[in-house]
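Please read the following walk through the model with the sequence and the coordinates open.

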Amino acid sequence: MKASLRKTVVIGASSGIGREIAEQLLSSGDTVVLCARRTFLLEELHDRFPDTSMVETLDVNDTVHVESNLKRIFSNLKQVDWLILSSGIGDFNADLDFDTEKKTIETNVSGFTAIVDCAFNLFKSQGYGQLAAITSIGGLRGGAGSPSYNASKAYQINYLEALQIKARKEKLPVYVTDIRPGFVDTKMAKGEELFWVIPVAKASAQIIKAILNKRRMVYVSRRWGLIAFIISRLPFSLYSKF
């Protein structure tokens with residue numbers, strides 16, 4: 001399918017990876033629905049691409065209205081080729097403050113599930129489509145400084161794999177792509193002396209390429225696949241020292 005004919009929904013387009021992906025897709029000729037809770041942050045991008053972008057208010061934590069909002073967006077577009085979910089949170093929480101953990105769980109687990117379930121079913125009804133979601137390399141192991149973030153990303157990784165299996169078993173032309181970034185130069189990259197930090201433009205370009213190639217899973221940048229291989233195999237006695 002030519003880029004000029006593709007219609008994409010980007011959830012979390014107000015900042016970070018989501019915004020950069022949306023901007024690159026719009027620059028290539030895609031029609032893009034820009035979704036976020038704070039829609040005023042989308043206006044500048046919409047003003048630059050008034051003919052090919054639309055702004056929709058969508059709060060992933062408002063799980064009661066996720067289905068009706070997405071159904072309306074799909075109906076308005078007539079067809080949707082890609083839905084990219086780039087909306088998540090995570091904070092250091094060494095003191096295990098429950099309110100902090102609860103916010104992460106609500107967004108990264110409950111909100112995430114509401115979005116991907118609805119998107120998968122809409123693509124199933126439509127007869128084709130691709131769902132891509134930003135997870136994290138952090139989902140491979142536990143993290144003492146951010147327990148709920150690492151755990152919620154592990155949930156996302158497993159949930160996306162379940163949808164991939166479901167699509168295969170039901171012989172559906174619905175593709176699911178799990179995108180696992182390492183450190184990307186956004187506000188989500190928290191901490192000191194981070195290494196292998198990739199510019200957001202480069203990360204987004206690699207993500208778009210992976211979706212185009214209908215990849216099941218991709219590490220961003222690719223060299224983070226080496227880190228993933230190592231940390232997933234480290235014995236607990238060694239991993240727990242980091």
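A nonpolar surface patch, as the term is used here, is made of residues with over 30% relative accessible area and no salt bridge, whose nonpolar side chains are joined within 5 Å. The model is a predicted one. In this model, Trp 196, Leu 226, Phe 229 and Ile 230 make such a patch, with an area of about 380 Å². Ile 230 belongs to helix 7. The relative accessibility of Ile 230 is 41%, so this residue counts as partly exposed.

Lys 209 is part of helix 6, and at 51% relative accessibility it counts as exposed. Its C-alpha atom is separated by 18 Å from that of Val 80, a residue 129 positions away along the chain. Arg 223 sits in the loop between strand 7 (217-220) and helix 7 (224-233). Its relative accessible area is 44%, which makes Arg 223 partly exposed.

Helix 6 spans residues 200-212 and also holds Ala 201. Ala 201 is partly exposed, at 36% relative accessibility. The C-alpha atoms of Ala 201 and Arg 19 are 9.9 Å apart, although 182 residues separate the two in sequence.

From the surface, turn to the interior. In soluble globular proteins, nonpolar side chains tend to be buried together. The largest nonpolar core of this model has 31 residues. Val 9, Ile 11, Leu 70, Leu 83 and Ile 115 are the residues with the most contacts inside this core. Eight entries make up the list of elements that each give two or more residues to the core: strand 1 (7-11), strand 2 (31-36), helix 3 (63-77), strand 4 (82-85), helix 4 (98-126), strand 5 (129-134), helix 5 (147-169) and strand 6 (174-181). Helix 4 gives the most, with nine residues.

The charged side chains come next. The number of salt bridges in the model is 10. One of them joins the side chains of Glu 56 and Arg 72, with an N to O distance of 2.6 Å. This pair links distant parts of the chain, since Glu 56 is in strand 3 (residues 53-57) and Arg 72 is in helix 3, 16 residues apart. Arg 72, with a relative accessible area of 34%, is partly exposed.

The side chains of Lys 102 and Glu 106 meet at 2.5 Å, N to O. Both residues lie in helix 4, and the spacing of four residues is about one turn of the helix. Lys 102 has 38% relative accessibility and counts as partly exposed. Glu 106, at 32%, also counts as partly exposed.

A further pair is formed by the side chains of Arg 180 and Asp 178, which meet in a salt bridge of 2.8 Å, N to O. Both Arg 180 and Asp 178 are buried. Salt bridges can also be chained together: Arg 19, Glu 23, Glu 44 and Arg 48 are linked in a network of them. Arg 19 is the residue whose C-alpha atom lies 9.9 Å from that of Ala 201.

The last topic is backbone geometry. Most residues other than glycine have a negative phi, and most peptide bonds are trans. Where is a cis peptide bond found in this model? A cis peptide bond joins Val 220 and Ser 221, with omega about -5°.

Positive phi values occur at Lys 78 and Lys 171, neither of which is a glycine. Phi of Lys 78 is near 75°. Lys 78 is placed in the loop between helix 3 and strand 4, and its relative accessible area of 72% makes it exposed. Phi of Lys 171 is about 55°. Lys 171 lies in the loop between helix 5 and strand 6, and at 73% relative accessibility it counts as exposed.

Terms used
Residues numbered from 1 in each chain as written. Predicted model: local features only at pLDDT ≥ 70, side-chain atom pairs only at ≥ 80, totals over all residues. Heavy atoms only, no water. Buried < 20%, exposed > 50% of the residue type's maximum accessible area, 1.4 Å probe, protein only. Core = buried A, V, L, I, M, F, W, Y, C linked by side-chain atoms within 4.5 Å. Patch = residues over 30% accessible without salt bridge, like charges linked within 9 Å, V, L, I, M, F, W, Y side chains within 5 Å. Areas by Shrake-Rupley, 256 points an atom, 1.4 Å probe, with all protein chains shown as cover. Salt bridge = Lys/Arg side-chain N within 4 Å of Asp/Glu carboxyl O.
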